[in-house]
Each structure stands twice: as structure tokens, then as C-alpha cells.
Amino acid sequence: MFRLMDGFLKNDSISLQQDILRHVEYTVARSRFNFDDFEAYQALAHSVRDRLIERSHDTQLYFKRKDPKRVYFLSFEYLMGRSLSNSVINLGIRDQYADALSQLGFEFEVLAEQEGDAALGNGGLARLSACQMDSMATLDYPAWGYGLRYEYGLFRQVILDGFQHEQPDFWLNFGNPWETERVHVTYPVKFYGVVEEENLNGEKCNVWIPGEVVEAVAYDNPIPGYGTRNTITLRLWAGKPSDQHDMEAYNTGDYINAVVCRQKAENISSVLYPDDRSFQGKELRLKQQYFFVSASIQDIIRRFREAHSNFDEFPEKVALQLNDTHPSLAIAEVMRVLVDKEHLGWNKAWDIACKIFSFTIHAVIAEGLEKIPVDLLGSLLPRHLQIIYEINFKFVEELKKRIGLDYNRLSRMSIIEEGAVKSIRMANLAIVCSHSVNGVSKVHSELLKAKLFKDFYELWPEKFQCKTNGVTQRRWIVVSNPSLCALISKWLGTEAWIRDVDLLTGLRAYAADPDLQQEWMMVKKVNKMRLAEYIEAMSGVKVSLDAMFDVQTKRIHEYKRQLLNILGIIHRYDCIKNMEKSQRSKVVPRVCIIGGKAAPGYEIAKKIIKLCHAVAEKINNDTDVGDLLKLVFIPDYNVSVAELVIPGADLSQHISTAGHEASGTGSMKFLMNGCLLLATEDGSTVEIVEEIGADNLFLFGAKIHEVPKLREEGSPKMPLQCARVIRMVRDGYFGFKDYFESLCDTVDGGKDFYLLGSDFESYLEAQAAADKAFADPNKWTQMSILSTAGSGRFSSDRTIRDYAEKTWGIEPCRFPSDG
Ligand code: 26Y
């Protein structure tokens, strides 16, 4: 009998085969007797998508029926990576698909490799959004993600002669089988123009007469939960020309120019800014922000209105989460809609706004905060500028009552920054309106209270909270490390840890068990083999599986100190070269792996990449050193490369200058995969130490409170070993002498802002401790098992539950079915 709850689609292997062939024939339009791997992937993806769509319909209908409070997650960036494996695993039908495909003569893994990454983000913040979406779906929360559908994702990194070059990532080239274009879900977004005061039934009201209108169209991407039928939606907006765009131009006969202008409108969402460091007040960026915010708010209000007519209920039904300051124009937009369109009156509107917004900040230093020049905002969004001024005026008046006429403090806290360029401090706007301001690790949350937002903390201590980041074990163990996944489930006797990650602590009981250790080592070996093959294919370098795979992969930033890593490698090389031949058998062989992208305009970061290649060239071609030391740079690091690299790492480095990494989430992925960490006490590593103990990783370096003093002392403290390796670079030992000069200056030029010199010795000590531990495979493996066992706290499931209960006030809303 057909049960409505189950949907139409069957998941036995015969039905799946028929389904794939049907898509080959009718969607991909190839003959079912003749299609290649890519076409098979496309058909497979469409077949999976059918199942996702069915579940997402069920989920939305159920949400509609139950009408729970929903959370809307606003993020400018998402690094989703590939969707195929993740989707079939979350749907619980991976094996059935693998069976179906093998009967058709295809291998699931091979087809999965055909998929390109969705790279709509820069780094940590963007991947965090993706992990959190997975957790919101899995935990059955009534959530929506909103973002922008960039046509060009994060640039592709190509290395030529050791230099980074950026190439466009036109990821939609072959279509995107996962998304659904919602041609009926479109909203006009307005820009420029003037504000006029009008009289409405005797009351003054402001009317914005825009100068340009662009249409936002929705593209829906299903996000399936694991072990639940719930499938939520990531709705991404794309620009398309509006019929209202610039009617005048057509009427005046300038047809060609009018068409060109229309095309420009489409470009709003076309490219992701590839810089996660320096905020620039660019008009296009601001246009993107408002475009995204305006479309999302219109959509959210439309959904609310379907079931409610009274805005008093808005905060009971809607929570808006701001992922950093990037979407914080949403505050002014909500106020504009409630005041100008819904005519609620300022105080009522403000009361509502303050109840719905929560804000998470990912920055550590004031320089990282967004400031929008007032002139720019005034010309692009004149009404929003007025609203922000009004918010600020009322805030400052209130503040004066609370703190008196302390003008320094008032000007620090003001949303408007007076200065050479008068600008809007987006973080201040977000803090003033949000009921909850979150840091992303304990250390970071304390820093926000003590430094960055001290004034605000003193005013509103209750607003400031900590939500330590987490990553999803579905993507970072189940999808990317299937052998480890199977091993864990075998020893725990259950797969329940995939939804309830705290169960991983159960592994502690077996950490010393020789059988588990043996199997654990085998899994690591298999993953190292996979990684070694990839390295050889990418760089031609053959690496030994007996060597310690030592990995540092993340965006290239001075504060993340890839340069410290490279200087350490030069030191290791120098030591091996100067060692008696008889001593060399004691050296623990290493394969040092570095990967990451530098922002296109970040010169020093680009020099670090070049130095890495120059040093690698020298070391890898030195037959005298052989397998004792290799250095490889993995180009174009992205989510799918990470899925390959992380399971194959023995050691990973998280070595930021203390106080500079807000959290760091790479470390959590390595930890889950049983990789040992070599780390500074910064961001989330402090909490990792709490979970696994200081003797289960290799800590080094200055502590946060020591940094200011060390900075004052400067490079006189430069140890000889560090001075020596810098000298080698300066003397042209690796070539490109002049080019590396300014890079060396950052260390020994008198400032050493990131403290490479003062941390150098303790870094080498930590490295020596890692060597010593690696020389004892059983001890190392035990530490590795304990790392995985202690990683449960760093699941995004824990983070999201915390947000849901303490910040958003939402509850699970699970579609009633058995899977
Ligand atoms: C405004 C523009 C210049 C900008 C664009 C992207 C500014 C910042 C960013 C991205 C920041 C980011 O990725 N931050 C990282 O967030 C992670 C998740 O919370 C943290 O783990 C990591 O420490 C932090 O650097």
C-alpha cells in the first residue's frame, strides 16, 4: 500500500538504476546505451536531487502546518564543497546507489570525483556556515540559510614558477544539478534615488524614490539532515534585470545603452570578494550586501504574513542571525520596512528589531571590522542612512543618561565614526540592535569583552556570550574518512555517534588496546597512501609513507605564521645537512605539506607562497637529504582537497600568534581524524587542550597576555637559529634574493609583529617533542585515538543546539517518519 509519508521514490537498487537511466536519457539527453562518467554523474546527481526535493517539500509543508519559530541564518559566504556524497550519506542510501551504479558498470567514488566544489566563500567563516547548515538540518531545526549565488566563486589558485596566479572559478559552467531556480520567488531591490517626506493621513512619512531597481531571484539548495527526513533550504539570490530598471532610458531612445545598463544590474551577484582581511568601502560590495539583505527580508516577511497579520507576533516567529557584520544592513532594512511600509511607529519597530537579531563576530582586531563611508551609503541607500542616524541619535541620547558626558567613550561607542572619512561602524550597529553578541571561542569571547567591545560589554554585560565553533562530523569523518568511520562504529558497536558525537568518548576505553591500535594505524596508512598519490600527481614529488605527514593548510595570513613553519623547515634542512652521516638514521623523516590561498592583493602572503616553493625546490632535489625531508605545496586548497588531506595527516599545525585566531576550525577537523596538533594557545586550541589534556598535543609559544610586552621588546630577542635561517633566505640560498627581502624584513626588520623570533625556540622544541613521540608508534597511535575520542565538543551539533536553546529560542520540528 502506498503510504503518503514515504513519498513516491523507491530506494532499492533496481529503482535507483531505472531512475539514473531515466535521467541519462531525459535530463542529460544522452542515450542510455552510451554515456560517460560525467554524464553518469549528472544523471546520478539529478536522481539524488529528486529525493532531496521530495523531502524538502515534506519538510516545508510540515513547518507550515506547525508554524514554529524559525531561524534565518544570514551569511554572505558558504563553502559547501561537493554535495553528492554528503547527500546520499545523509539520506542513508549511499550503499544502494553504489550497488545500482556497479550494476551499470560505474563506480560511485569515480563519479563523485566528477563534481566541482561550490566555493562561495573565503575560508573559516564560510565553511563554518556550511557545517552549521548541516547541523541545523540534522537536529530538525526549522531553519533557513540565506546567501548570494555568486557566479564566480573563490578564485582558482594556479602556481606558475612558484608564484600564485588567480583564475576565475566559473563554477556554473556545466550547470548546477543541486539548485532549483524559483522563477516565481523574485523581489525588486532598490538603489540610489531620493527620500521625500509625504503626508499620510495627517502623519509625516518618508518615501524613498529609488533611481535603480534590480530583481533578485531565488535559487534553492536542499540541505538534508542525517537520520531524519528533514531537509532544509539554503536560498541563494541572483541578480537579474528588472522591467522597472530604468524605463526612462528606453523611452529616450538610448536603446543600446539601456541594455548595457540592464546587464550591469545582473552583475551585482556575479563575483565573490576574495579578501578576508581588509575591508574596502567599494560600491559593488555594498550593493551586494544590500541586495542580499533586502531580498532575504522581503522573503522572510512574506512567509510571516502567510500565517500572521500582526507584527507583535514577529519576534515569536522569527530569529535573524547575522553571520559577522556583512549582513548587518538587515537591521536598517527591517526598521525601514516596519516604519515606512508597515507604519508601526519607530519605538514599536525598534522593540521588534531588538528582539529578533543576534550577531556573531569572527574578527579579533578592530582593523578587521567593516566601516562603510557615509557618503557611499548616502548615495546608494539614502533612506537607510537616515535610519542609521536616527538609531544612533537615540542610542547616544540613552547612553548619555547611562554614562554621562564622557565624550571619549561616547565617540568610541557611536555608530558613526567621525574622521577623515566619516563612516558607519557596522559592528556597533549590530551590537546596539542585537540581543545577543557571540564570540566563536572562549578566548575570543573574553577578548571581545576585554578589548574590542569593552565599552559595550560594560553597558550590556548580559548580551555577550560565547558559542565555541564546531564542525560537522558527517562531512569531516563520515564522508571524508569512510575507513575511520567504519572502524569507530565497529569499536563503539554503534553508528549513533554520527548524530550523537559525545559517544566518541567511548573510544578512550580502548586507546591502549593493541588490536584497535593496529587497525587504527592501518586506516591512517590507507589515507596517507591516498594523499601520497595525490601529491605525486600534483607536484611530481614521491613521498615515503613512513615519514610523518606534517600539514598546515588554511588561508595564507601573516598571523597564521606559515612563515614560521617554513623557517622551521629550513632549520631542519640545515641541521640534516650539517649532521654527521652516522647521526642521520636518528632523524624522524618528514613530509611537510603546506596549502592555502593568499588574497590577490596581499603581497606578503604571496611572497610566503613563493618562498615555500623556492625552499621546496632546493630540499626536494637534494639527494643527500632524500626521504628525510620533503616539502610540498598543495595548490588550490579547497573543501574537497581538505577532505583528502585531513584524513592523511599525522601532525597538523595551528600556530597563529597568540590572540589572533578568533577560533580556528581546521584544528577541529584534524582532531576528529586522529591527527595530533602542534599549536599555540590561541582561539579554540585552548579548549581542545581542556578536552584532551596538554600532554596529548604539542603546545608552544607566547601566551596571549605575554604578546604586548614581547612586541615592545622587538627583535633583539631574535634567537641565533632564527637569525641564521633568515640570513640564508636573505643571502639567496633559495634564489630570489631581492624578492624575499621585504618578507625577511617582517621578521628581523625591527618589528617582528607576529613574534616569529621570540617563539622560534619554543616552536623547535615542540617540533622535537613531536619527532620523539612519532618514533614510538604505539604511543603516537594512542594519542591519535585520544584525539578523536576528545573531539566531540567540537561538533557543530553542539554549537547549533546552544544557539537554538540560548539565543534563537527555537525548537526542533521533525517531520514524522522513520527516516
Ligand atoms: C569584510 C571582508 C574583508 C571580510 C570577508 C571575510 C572579512 C572577514 C571575512 C572572513 C573571516 C573569517 O573567515 N574569519 C574566521 O572565522 C572562523 C569561523 O569563526 C574562525 O574560526 C577564524 O578564526 C576566523 O579567522
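Me: Leaving aside neighbours within four places in sequence, what is L429 in contact with?
Reply: L429 is in contact with S328, I331, I388, I391, I415 and I424, once its neighbours within four places in sequence are set aside. Two residues are in contact here if their C-beta atoms, placed from the backbone, lie within 7 Å.

Me: Before I go on, where do the numbers come from?
Reply: Residues are numbered from 1 along each chain as its sequence is written. This is a predicted model, so local features need pLDDT of at least 70 and side-chain atom pairs count only at pLDDT 80 or more, while totals for chains, interfaces and linings use all residues.

Me: OK. Which residues touch the most other members of the largest nonpolar core?
Reply: L429 again, along with Y72, I331, M335, A353 and V615, out of 231 residues in that core. A nonpolar core is a set of buried Ala, Val, Leu, Ile, Met, Phe, Trp, Tyr and Cys residues joined through C-beta atoms within 7 Å. Buried means 20 or more other C-beta atoms within 10 Å of a residue's own, exposed means 12 or fewer, and partly exposed is in between, with C-beta atoms placed from the backbone.

Me: Which helix gives the largest share of this core?
Reply: Helix α23 (residues 603-620), with 9 residues. Helices (H or I, at least four residues) and strands (E, at least two) are DSSP runs, numbered from the N terminus.

Me: And where does the core lie?
Reply: Between domain 1 (67-82 + 117-160 + 176-269 + 278-467) and domain 2 (473-801), because both give residues to it. The bounds come from an automatic or database domain assignment.

Me: How many Å separate the domain centres?
Reply: 36 Å between the centres of domain 1 and domain 2, taken over C-alpha atoms. The contact between the two takes 35 residues from domain 1 and 31 residues from domain 2.

Me: Which elements give two or more residues to the domain 1 side?
Reply: β2 (78-81), α6 (124-138), β5 (156-160) and α17 (442-452). α6 gives the most, with 9 residues. By class, the domain 1 side that touches domain 2 divides into 16 nonpolar, 12 polar and 7 charged residues. Nonpolar means Ala, Val, Leu, Ile, Met, Phe, Trp, Tyr, Cys and Pro, charged means Asp, Glu, Lys and Arg, and the others, Gly among them, are polar.

Me: Now the ligand. Which residues come nearest?
Reply: G124, L125, D276, H362 and S663, out of 19 residues around the ligand. A residue is near a molecule or strand if its C-beta atom, placed from the backbone, lies within 6 Å of it. The shell divides into 5 nonpolar, 10 polar and 4 charged residues. Domain 1 and domain 2 both give residues to this shell, so the ligand lies between them.

Me: Switching to α3. Buried or exposed?
Reply: Helix α3 (residues 84-91) has 8 of its 8 residues buried, so α3 is largely enclosed by the rest of the structure. The buried residues of α3 pack against α2, α4 (94-103), α5 (108-112), β10 (212-224) and α19 (473-479). Just after α3, G92 takes a positive phi of about 75°.

Me: How many C-beta neighbours does S87 have inside 10 Å?
Reply: S87, which is in helix α3, has 23 of them and counts as buried. Leaving aside its neighbours within four places in sequence, S87 is in contact with V48, L52 and P224. S87 and L52 are 35 residues apart along the chain, and 8.1 Å separate their C-alpha atoms.

Me: Which residue takes a positive phi in the hairpin of β5 and β6?
Reply: D161, near 60°, in a hairpin that has 2 residues between the strands. D161 is exposed, with 9 other C-beta atoms within 10 Å. β5 and β6 (163-167) pair in the antiparallel sense over 5 bridges, where strands pair if DSSP finds at least two bridges between them. I159 has Q164 in β6 as its bridge partner.

Me: Last one: in what order do the strands of the open sheet with β14 come?
Reply: β14-β16-β15, 3 strands with antiparallel pairing. β14 (371-373) and β15 (416-417) stand at the edges with a single partner strand each, so one side of each is left without a neighbour in the sheet. 3 bridges join β14 to β16 (residues 423-425), and P373 stands opposite S423 in β16.
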